[in-house]
Amino acid sequence: MSAVSLEAATQLKTELYYQAQGNEVTLFEYANQHQLPVLIKGPTGCGKTRFVTHMAKKLQKPLYTVSCHDDLTAADLVGRHLIGPDGTYWQDGPLTKAVREGGICYLDEVVEARKDTTVVLHPLADDRRILPLERTGELIEAAPDFMLVVSYNPGYQNLLKGMKPSTRQRFVALRFEYPTMELEQEILIKEAGATPNLAFKLVELAQALRRLEQNDLDEVASTRLLIYAAKMMSSGMNPLDVCRCCLAEPLSDDPETIKALMDVARIYFDE
């Protein structure tokens, strides 16, 4: 798989809605001012990627997003030699492009990448701010506006998939959680066009489902799923059908667990 297929060079033409939960915007701006890399920790669907997209727009930087996975190699990040009509040529990967141009390179779920991949980040994530390209012999100094941002879900960590202290301590770290009930309702109203009553009921339902995490669920209902549900309900779809397809089925494959989740949903949407 080529680096081009892994890269999402986001063209930020419109402002995406982002509701700050605390002082994360200010912290990110200070990290950018001092050319510090940022690590964002938080559960699935809590707004990590939306936050980075928002900050790239706010800081007017190009954004290169890479979704990390087990097969991600260093070459997928930095680039590789390709064969074209005129012979062999070098093509930069998303990390190298961001380093040269002065953009943000965002590695989503970085702990999913192979261990040898994260080694490439070390000289960029300390005061050297350099990217060695062994295959071309280049030693690229990062442009002043370059910023490295990585994220992961601490709930997925285990002994085999965790960030080494030598890597983690190179970053300024932000911890994200799901928004407070009031903020989450505001997000549903502004992002999904939900009425205040619908937003209240969905957030109440989410709180009830999240209390089941320790008993029956590997994950809880995320803010992202609530936005999906609010959009579909607001357009007229049956609320219980929405609860099944947007909340119950994405959270579990077990029929008994899904039934239990729907029993909770009926408390709020049994019409």
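Where is the place of glutamate 24? Select residues 24-33 of this predicted model. They form helix α2, and glutamate 24 is in that helix.

**Stop 1: glutamate 24**

Show the side chain of glutamate 24. This residue is buried yet has no salt bridge.

Glutamate 24 does have polar partners. Select tyrosine 18: its side chain and that of glutamate 24 are joined by a polar contact of 2.5 Å. Then select glutamine 21, whose backbone nitrogen lies 2.8 Å from a polar atom of the glutamate 24 side chain.

**Stop 2: the largest pocket**

Next, select Gly45, Cys46, Gly47, Arg50 and Arg224, the lining residues that lie nearest the centre of the largest pocket. The volume of this pocket is about 460 Å³, and its lining has 22 residues.

Colour the helices α3 (48-59), α8 (181-192) and α10 (223-234); each supplies at least two residues of the lining. The most comes from α10, with 5 residues. By type, the lining of the largest pocket holds 8 nonpolar, 7 polar and 7 charged residues.

**Stop 3: the cavity**

Rolling a probe the size of a water molecule over the atoms shows where empty space is left. The structure holds 1 cavity of 30 Å³ or more. To find the largest cavity, select Gln35, Leu36, Pro37, Leu124, Arg129, Phe146, Met147 and Leu148, which line it. About 30 Å³ of space lies inside. Its lining divides into 6 nonpolar residues, 1 polar and 1 charged.

How values were computed. Residues are numbered from 1 along each chain as its sequence is written. This is a predicted model: local features need pLDDT of at least 70, side-chain atom pairs count only at pLDDT 80 or more; totals for chains, interfaces and linings use all residues. Side-chain values use heavy atoms; hydrogens and water are left out. On a 1 Å grid over the protein atoms alone, a cavity is a set of points where a 1.4 Å probe fits but cannot get out, and a pocket is an open set with protein on both sides within 12 Å along at least five of seven lines; lining residues have an atom within 4 Å of a point. Grid points are joined across faces, edges and corners, and a volume is the space filled by probe spheres set on the points. Helices (H or I, at least four residues) and strands (E, at least two) are DSSP runs, numbered from the N terminus. Ala, Val, Leu, Ile, Met, Phe, Trp, Tyr, Cys and Pro count as nonpolar, Asp, Glu, Lys and Arg as charged, and the others, Gly among them, as polar. Buried means under 20% relative accessible area, exposed over 50%, partly exposed in between (1.4 Å probe, protein chains only). Lys and Arg count as positive and Asp and Glu as negative; His and the chain ends are not counted. A salt bridge is a side-chain nitrogen of Lys or Arg within 4 Å of a carboxyl oxygen of Asp or Glu. A polar contact is a pair of N or O atoms within 3.5 Å; within protein, one must be able to donate a hydrogen and the other to accept it, and residues adjacent in sequence count only if both atoms are side-chain atoms.
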